[in-house]
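Please examine the sequence and the model shown below.

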Amino acid sequence: MTAMAKVPQEMIYDEMSETIIETAEKLAVSQGADNTNVRAVLRELGITNRVFYNRFHNMEEVLGIIYERTILKIRKSITERFNPDGDFFLFFIDIVANTLIMSYQNKMNFNLYVFANDSLSEENFVWWSAEIKRLIEFGIAKGYLRKIDSDIMSYAIWCFIRGYNADAIGRGLDMEEAEDHFRYCFRVLLDGMKA
């Protein structure tokens, strides 16, 4: 008798899958991703190993889903439509400040996990750089910004946003104070780019 090859099990995706993800996210936000494990989710929901492992391979997979959703929420903030009759500089400042606010709302105790994944995600960097570059090129085309290298400047802005967010959250600065300082510094940066 020949041994049969083990057929990979099809994972279940249902309402319980979402409940597991939501519970893991609450735990990651309140206790940090490092303290969020399968046992903690099982205990919180009163479910068995089988219920969890029929839906996910491990906790890293669940945290990865939470990370992706967090990134998508933050990305959505930059894709708002610009009103051509509005103040370009105020719009630009509001977009980047909104990323800080959302970082605070989504990352406080989850920040080390998210920032580590941000650093490793070339796709995330490429997306953000392209969106920032698009705004810069719009500003140049409309005469709001002087002629600058949009590739270099989009990278610099990406670094400013990520670095400021990481430091403010990592040091536990009050969100309102961090936002005020962030807006001030970004306004000074934009002033140097004005036409």
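Which backbone nitrogen does the side chain of Thr 36 reach? The side chain of Thr 36 comes to 3.2 Å from the backbone nitrogen of Ala 28. This is a polar contact, defined as a pair of N or O atoms within 3.5 Å, where within protein one must be able to donate a hydrogen and the other to accept it, and residues adjacent in sequence count only if both atoms are side-chain atoms. The model is predicted, so local features need pLDDT of at least 70 and side-chain atom pairs count only at pLDDT 80 or more, whereas totals for chains, interfaces and linings use all residues. Residues are numbered from 1 along each chain as its sequence is written, and side-chain values use heavy atoms, with hydrogens and water left out.

Thr 36 belongs to the loop between helix 1 (15-31) and helix 2. Helices (H or I, at least four residues) and strands (E, at least two) are DSSP runs, numbered from the N terminus. Thr 36 counts as buried because its relative accessibility is 5%; buried means under 20% relative accessible area, exposed over 50%, and partly exposed in between (1.4 Å probe, protein chains only). Neighbours within four places in sequence aside, Thr 36 is in contact (heavy atoms within 4.5 Å) with Ala 24, Leu 27, Ala 28 and Met 59.

Helix 2 spans residues 38-45, and its buried residues are Val 38, Ala 40, Val 41 and Leu 42. Its N-terminal end is capped by Asn 37, a side-chain oxygen of which lies 3.2 Å from the backbone nitrogen of Arg 39. Just after helix 2, Gly 46 adopts a positive phi of about 70 degrees.

The protein as a whole has nine helices and zero strands, and 42% of its 195 residues are buried. The mean pLDDT, the predictor's confidence in each residue from 0 to 100, is 83 for the protein. Among the elements, helix 2 has the highest mean pLDDT (96) and helix 6 (residues 111-120) the lowest (60). Over residues 1-8 the pLDDT is below 50, and this stretch has zero contacts in the model beyond near neighbours in sequence.

A nonpolar core is a set of buried Ala, Val, Leu, Ile, Met, Phe, Trp, Tyr and Cys residues joined through side-chain atoms within 4.5 Å. The largest one has 31 residues, and Phe 92, Ile 132, Ile 136, Ile 157 and Met 193 have the most contacts inside it. Two or more residues come from each of helix 5 (88-107), helix 7 (122-141), helix 8 (150-170) and helix 9 (175-191), and helix 5 gives the most, with 11 residues. Met 193 touches residues including Ile 136, Tyr 144 and Ile 157, not counting those up to four places away in sequence. A second, separate core of 17 residues includes Val 38, Val 41, Phe 52 and Met 59.

The protein has nine salt bridges, each a side-chain nitrogen of Lys or Arg within 4 Å of a carboxyl oxygen of Asp or Glu. Arg 183 pairs with Asp 94, their closest N and O atoms being 2.7 Å apart. This pair links helix 9 to helix 5 across 89 residues. Glu 131 and Arg 134 meet at 2.9 Å, N to O; they are separated by about one helical turn because they are three residues apart in helix 7. Glu 131 is buried at 15% relative accessibility, whereas Arg 134 is partly exposed at 42%.
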